Structure formats: C-alpha cells, structure tokens
Amino acid sequence: MMRSSLVNHFGMVGIKMRLSSGRVRPLVDMFVAFVIAIGGLLLVGVDRDCAAGDARELPNIVVIYGDDIGYGDFGCYGGTGVDTANIDALADGGMRFTSAYCTAATCTPSRYSLLTGQYAFRNQAAKILPGNAPLIIDTDRPNLVGFLRSAGYRTGLVGKWHLGLGHADQPLDWNGKIAPGPAEVGFDESFNMAATADRVPSVYIRDGRVVDLDPSDPIGVNYQSKIGNEPTGRSHPELLKVQADDQHSCTIVNGVSRIGYMTGGKAARFKDEDMADTYLNEAIGFVRRNKDQPFFLYYAPNENHVPRVIHPRFAGSSGLGPRGDALMVFDWCVGRFVETLRSEGLEQNTLIILSSDNGPVLFDGYWDGAINRSGDHQAAGPWRGGKYSRWEGGTRMPLITYWPGTITPGVSDALISQVDLFRSIAAMIKTPFPDDAEMDGQDVSAALLGHTDQGREFVIQEALTQLAVRQGDWKYLPPGSITERAGIDQWKSITVDEPGWLFNLADDPGEKDNVAADHPDKVAQLRRIIADVAPEKVIGTEGLNKKQLGF
C-alpha cells in the first residue's frame with residue numbers, strides 16, 4: 001500500500017510536468033525513478049519489521065524431559081511420599097494427559113523419536129548408546145530442532161544428550177571440537193553431557209567443547225578395555241560412595257564408579273551433587289539471554305537416572321531414599337525454572353511440555369536403597385512394569401502441557417505419542433511441515449492444547465526393539481519376549497508365545513489376564529497394525545539380549 005500510494009502521487013506530478021514542458025521530462029523521470037526506489041527500500045524495511053513482529057508473536061517452546069520418571073511419580077498422577085507441588089501446579093494450570101506415551105522403554109530411542117518424528121526401531125543404531133557412540137541423527141533430514149531454528153527460533157539444549165557424537169568412521173577426539181553433535185542437529189547453544197551420568201566421559205560439553213578441559217591432561221575413553229591406571233569400582237570398592245554392580249564398576253569419578261573407562265580431564269569432571277543446579281542455571285541463563293526473541297529449549301535434567309547422588313540440601317527430603325529425593329530435586333528445578341519465566345514476563349507466551357523418556361526403575365546398577373525404601377509409592381502408578389519392558393509401565397508417561405491463557409486447564413485421555421511432537425509443534429506455530437521429514441508422527445496439536453479429547457487412533461510401544469500396540473482399551477504384545485529388572489542385580493525375560501498376548505487395560509491395568517484366546521479377531525486386527533507399521537516386528541526374539549541393554 002505504501003509503495004502504491006507513492007507511485008500514484010508522484011507519477012501524477014510527473015505527468016502534469018511533462019504536459020507543461022517537454023524540456024523537464026528527463027528530470028521528472030529521474031525524480032520518479034528515485035522516489036520509486038526509495039519507496040521500495042521503505043517497503044523492504046516495513047516487510048522486515050513485519051517479519052520481526054511475526055517472530056515475536058511465535059510462542060516460546062520448552063520441553064522439560066525427565067529421565068526414568070514413571071507415570072505415578074508425581075502427586076498429580078497419584079504419587080505418594082514425594083512432594084511435587086511445582087509440577088502439580090503446572091498440571092492444575094494446564095492439561096494433564098492420562099494416555100500419553102514415550103515411543104520406547106529406554107532412553108536413546110525415545111529421545112531420538114521425540115526430536116526426529118521417526119520411530120527409533122527404523123534406525124538400527126537407535127539403541128542404548130555408550131558414551132563414545134557416533135551421532136545417530138541424520139543431519140541431512142529435517143528434525144524438530146533444525147525446523148524451529150529455520151522458523152525463527154533460537155534453539156538451546158541443556159542436560160542429557162545420549163544421541164551420539166562424532167562420525168561413525170573415525171574415533172572421537174574429546175580434546176578438540178566435538179562434531180557432529182547438537183550443533184549439526186540444529187541447536188544454536190548446547191550445554192550437555194555426552195550420554196548419561198553413569199557413563200564416561202563424566203564431563204560437561206558446551207557448544208562442542210569439553211568445559212574446563214586442561215590441554216595438558218587430555219581425555220581418553222574406552223568401553224572395551226581398561227585404559228590408564230585410575231581406580232575402578234572393582235579394584236577399589238572402598239573408595240565408592242555407593243556400591244555398584246559389575247556393569248557400573250569401571251572408572252571411579254567423584255566417588256562413583258561408571259560404565260566405561262576414562263583417563264585425563266580431571267579438572268573438567270563433573271560433581272554429581274551439583275548437576276541439577278548446574279543444568280538449572282544453564283537453562284535459566286539461556287532464557288534470559290534470549291528473552292527478546294522466540295526460543296526453543298530442550299531441558300533434559302538427569303533426574304531420576306542413576307547414580308542418584310543427592311545434594312546435601314535435598315538428602316532425606318522425601319523419606320523414600322535417594323530416588324524419592326531425586327524427584328524432589330526435579331520438582332524444585334521445575335519450580336525455579338517456571339519462576340524465571342514468570343519474572344521475565346515470558347510465562348504467558350511460553351508453551352511448556354513436561355514428560356519423561358521412559359518408565360521408572362528402582363535398582364538400576366547402584367545399591368542406593370530405592371527398592372527397600374520405596375514404601376507405598378508406586379512409580380508406574382497402576383501399570384505393570386517399567387523401564388526396559390513392553391509392559392504398560394515402560395512407556396505410559398506423565399505428560400503435562402502448560403500455556404497460561406491459551407490452554408484451558410483440564411485432564412485428557414487423548415492417545416498421544418512423543419513421536420507426534422514434531423508434527424504437532426509445526427501445526428501450533430502454523431509453519432508447513434517439511435515434505436521430506438519422517439512421517440511416523442501425527443498432528444495431535446488440538447489435543448495438546450486441550451481443544452479435543454481425540455488423539456491418535458493407536459499407539460506403538462517399543463522395548464529393546466520389540467513392539468506392542470494399544471488401541472482403545474486393548475493392548476496387544478506380539479510373540480517374542482519381555483525383559484525387565486527383577487530386583488537387585490537381576491534380570492528376567494518372559495517368553496510371549498503365539499499368537500501373542502492380549503489385555504483389556506480398562507478391566508486389567510496390571511496386564512495379568514491374557515484374553516487372546518477369547519478374542520481372536522481383536523488379536524488379528526491389532527497384529528495387522530503391527531504388520532502395517534513394521535512387518536519385520538510381527539514376531540520378536542526370545543531371551544535376554546544384554547547388547548540391547550547397553551552392556
């Protein structure tokens with residue numbers, strides 16, 4: 001409109017001048033051309049201002065992704081013995097979902113699916129990774145992070161990564177620039193550990209470089225054989241703060257033995273007790289640095305993953321031992337983070353999505369008393385099983401969406417998978433979903449925002465590459481096996497025979513009564529869903545596969 005009015009006005013002047021004197025026509029034409037050029041520049045400036053205005057209207061998006069936190073761990077989901085007042089407040093002010101799922105019962109696959117929109121079993125490398133594994137996300141394909149950056153977001157990672165670093169065809173040098181990694185996936189800023197707190201290297205990495213690394217003390221990492229002369233949990237158990245099983249009895253860092261061996265990097269090694277505070281401060285710092293532009297933050301604390309080495313100010317706070325105390329730490333961090341959004345005036349324009357990567361586990365390598373001190377607390381709620389297993393407790397997750405003024409508070413039973421977040425967020429910000437992106441996710445944005453109780457038709461659940469499917473009240477587990485922790489330093493594997501197992505979750509949330517023989521048509525129907533999604537997964541393998549467990 002501005003350009004049109006300028007041209008019309010000055011064009012008419014030029015016409016009148018040309019009629020009165022032919023001698024001034026060249027000057028008039030030059031003047032008109034000059035005005036049009038200036039108008040074009042002004043228009044470009046207006047367009048840029050409009051684009052900036054559009055960007056400022058984009059909601060900030062924060063994914064708070066807990067670790068090994070189960071459906072029943074928060075008070076708002078019926079959890080007892082632990083005060084999760086801050087998370088409960090998010091649920092009271094947002095939408096709490098009762099049929100939400102991570103894609104897999106272990107960490108790396110779920111994180112992969114959340115960020116890529118693809119089921120992890122489609123990528124053979126998407127399993128529990130060692131700390132020196134190469135990057136498993138294809139940087140040539142669209143993912144949630146790169147998509148949001150292209151849409152105008154400042155993107156940040158704080159916390160657990162566990163999706164690999166470096167190239168598959170060359171060893172990773174921890175003492176220089178570590179790439180490819182979060183930056184190549186799309187993160188503008190990153191502060192993370194390589195894998196998990198119980199896996200070496202036990203250091204933080206900022207924007208691809210180890211924090212506080214002394215060049216004269218280079219880091220070495222090996223998962224096959226011992227390197228260096230540092231004490232291990234096997235050779236020096238008297239140095240440990242908490243006793244560990246054999247898998248977790250390699251190099252000792254901060255009084256805790258880890259999976260894998262490392263040497264060097266002594267000045268860079270993290271202190272477990274300070275990890276929650278460190279990640280929280282980094283998350284708050286990211287928000288404050290980027291508060292004047294739309295941002296996406298993937299905030300992935302360590303809690304409730306092992307080792308559960310609690311800061312003294314939280315030790316004993318729950319009465320349920322270190323696992324309960326770690327939940328208190330997680331809740332406190334969530335509260336402080338939300339307070340920051342509020343104090344910075346960002347709460348009304350920020351969508352928070354809070355969930356966990358897989359179901360709960362009590363003993364997971366360290367004798368921290370989680371089993372005998374759990375009391376009446378049911379970490380998986382009414383569901384059977386937890387981390388590693390195809391039982392419902394392995395993948396049914398707490399999920400809370402919070403966006404004051406946009407989401408009307410409530411409780412929803414909409415069926416949702418974390419693989420849906422990429423496509424759903426694209427719909428929320430009204431940006432076209434990339435044509436070449438992975439297609440496993442669905443747009444459930446209306447359900448996430450509380451506009452409908454209708455989610456997806458069925459949900460695929462994975463545990464150690466074997467699948468299950470839930471549709472309505474029915475859950476089907478194809479033939480194969482179910483692996484789960486069986487107590488302190490024990491595993492068990494249960495064989496699932498043909499034609500598979502069928503449960504009605506409304507009548508049997510504990511998955512105790514297999515009714516496959518009574519409903520052959522339902523078995524056939526759900527088996528066809530598995531066959532359509534992943535025909536190679538209609539029948540799984542039997543027995544305990546420790547390679548799938550990260551051994």
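This is a predicted model: local features need pLDDT of at least 70, side-chain atom pairs count only at pLDDT 80 or more; totals for chains, interfaces and linings use all residues.
**Entry 1: helix 7**

I looked up helix 7, residues 275-289. At 1.5 Å a residue, its 15 residues should span 21 Å. I found its end C-alpha atoms 21 Å apart, so the length agrees.

Next I asked how many of its residues are buried. The count is 11 of the 15, so the rest of the structure largely encloses helix 7. Among the buried ones are Met275, Tyr279, Leu280, Ile284 and Phe286. Asp277 and Glu282 are buried too.

What covers them? I noted strand 3 (154-160), strand 4 (189-193) and helix 8 (321-343), among others.

**Entry 2: salt bridges**

I searched the whole structure and got 32 salt bridges. I looked at a few.

Arg149 pairs with Asp188, with the closest N and O atoms 3.4 Å apart. Arg149 sits in helix 5, and Asp188 in the loop between helix 6 and strand 4, 39 residues apart. Arg149 has 36% relative accessibility, so I list it as partly exposed. Asp188, at 26%, is also partly exposed.

Arg308 and Asp368 meet at 2.9 Å, N to O. Both lie in loops, Arg308 between strand 11 and helix 8, Asp368 between strand 12 and strand 13, so the pair ties together parts 60 residues apart in sequence. Buried or exposed? Arg308 is buried at 8%. Asp368 is buried at 11%.

Arg342 forms a salt bridge with Glu347, also listed at 2.9 Å. Arg342 is partly exposed at 46%, whereas Glu347 is buried at 11%.

Conventions. Residues are numbered from 1 along each chain as its sequence is written. Side-chain values use heavy atoms; hydrogens and water are left out. Helices (H or I, at least four residues) and strands (E, at least two) are DSSP runs, numbered from the N terminus. The expected span of a helix is 1.5 Å times one less than its number of residues. Buried means under 20% relative accessible area, exposed over 50%, partly exposed in between (1.4 Å probe, protein chains only). Contact means heavy atoms within 4.5 Å. A salt bridge is a side-chain nitrogen of Lys or Arg within 4 Å of a carboxyl oxygen of Asp or Glu.
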